[in-house]
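Hi,

Here is the structure we talked about, with some notes on what turned up in it. Have a look at the model first, then read on.

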Amino acid sequence: YGIVTIIIVFAVLWRSKNKDLRLVAFGTSWFLSFLLFSFIRPTHECVLDFQEHRIYVPMIGFLVILLETDFIKNMDLKGSRAPALAGFIAVIFSVLTFLHSGDFKDRIAFWSNASRTSPNSSFVHLNVGFIYYLDGMWDEAEAEYKKSIELEPGMPLSHIKLGLIYLDRKMIDEAEAEFRKEIAYTPQVDHAYLCLGLVYYKKGELDKAEDMWLKTLKVNPENTDAMKNLAIFYYEKKNKVKAAFYAQQLRRGLNPPQEFLKTLNTL
């Protein structure tokens, strides 16, 4: 759509004899300048956001460009057909707006529309999958996560979310493989180590689980889930000194669940 629109606008401007090139340049600069913020990606973890709300302010510049075409300038706004044309345009856009409003009725409708209109966006498929996961639609979530990975294998959190589905299904080996892929692509994501530690814990490989949770805190010292896991882990191993240490880390400015604090009172 974008390429076709650019060609049409360029052709119309080329044939327009009364255009003001300064205003055309201003409109182009406005459009590109405000759209540019959507393309800034300071780090790999920042997902590129190409959602439709990014176009609203840049669209003003595009309208300035259209106003310099002879097609617009030569319109007879005083003729008898002008009100009818304006009314027709208003009706068309009102109908489009009404139909589009259905895409905002709930989170599934919103992200499903995003998936249909941005089928090549790994980020969109990742979010669609997460919405399905929250609603207990695991098969649909798995399909969306796999599509996200297919489009961009290194999309942050995609392998974690797919691994969590496998973990829920007790597919331990498959979950471990996904968490390892997440670490390989984005080693700075602390939850990958956290989840991998949980896999090792379930497999009875306790030393590896401990190592992963310690790595979690090395990447993110504020990860309360890792603190909680380590506190319980050391408590089960009768290492009350370390268990108490991580329990204290949880207490400082944090708010762990009350039932967990009751367990820690025995320390």
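A word on terms before the helices: axes are lines fitted to C-alpha atoms, for helices over the stretch in contact, and angles run from 0 to 180 degrees between N-to-C directions. Helices (H or I, at least four residues) are DSSP runs numbered from the N terminus. This is a predicted model, in which local features need pLDDT of at least 70 and side-chain atom pairs count only at pLDDT 80 or more, while totals for chains, interfaces and linings use all residues. Residues are numbered from 1 along each chain as its sequence is written, and side-chain values use heavy atoms, with hydrogens and water left out.

**Helix pairs**

The axes of α2 (residues 21–36) and α3 (residues 58–66) come within 7 Å and cross at roughly 160°. That makes α2 roughly antiparallel to α3 (angles over 145 degrees count as such). Their crossing is left-handed, meaning that the near helix is turned anticlockwise from the far one by less than a right angle. Residues in contact (heavy atoms within 4.5 Å) include F26, W30 and F34 of α2 and M59, F62 and I65 of α3. By class, the residues of this contact are 13 nonpolar, three polar and no charged; Ala, Val, Leu, Ile, Met, Phe, Trp, Tyr, Cys and Pro count as nonpolar, Asp, Glu, Lys and Arg as charged, and the others, Gly among them, as polar.

Further along, α12 (residues 206–219) and α13 (residues 224–236) pack at an angle of about 145°, with their axes 9 Å apart. The crossing of α12 and α13 is also left-handed. Among the residues that meet are E210 and W213 in α12, and N229, F233 and Y234 in α13. The contact of α12 with α13 has nine nonpolar, two polar and one charged residues.

**Aromatic rings**

The whole structure holds 13 aromatic pairs (ring centres of Phe, Tyr and Trp, the latter by its six-membered ring, within 6.5 Å). One of them, F245 with Y246, is edge-to-face (planes over 60 degrees apart), at 4.9 Å centre to centre and 80° between the planes. F245 is partly exposed at 44% relative accessibility, whereas Y246 is buried at 12%; buried means under 20%, exposed over 50% and partly exposed in between, with a 1.4 Å probe and protein chains only. Ring pairs link F245 and Y246 into a cluster with Y201, W213, F233 and Y234.

**A buried asparagine**

N113 lies in α6 (residues 107–117) and is buried, with a relative accessible area of 15%. Leaving aside neighbours within four places in sequence, N113 is in contact with H100 and D103.

Best wishes

Conventions. Helices (H or I, at least four residues) and strands (E, at least two) are DSSP runs, numbered from the N terminus. Angles under 35 degrees count as roughly parallel, over 145 as roughly antiparallel, 65 to 115 as roughly perpendicular and the rest as oblique. Rings of Phe, Tyr and Trp (its six-membered ring) pair if their centres lie within 6.5 Å; planes under 30 degrees apart count as stacked, over 60 as edge-to-face and the rest as tilted.
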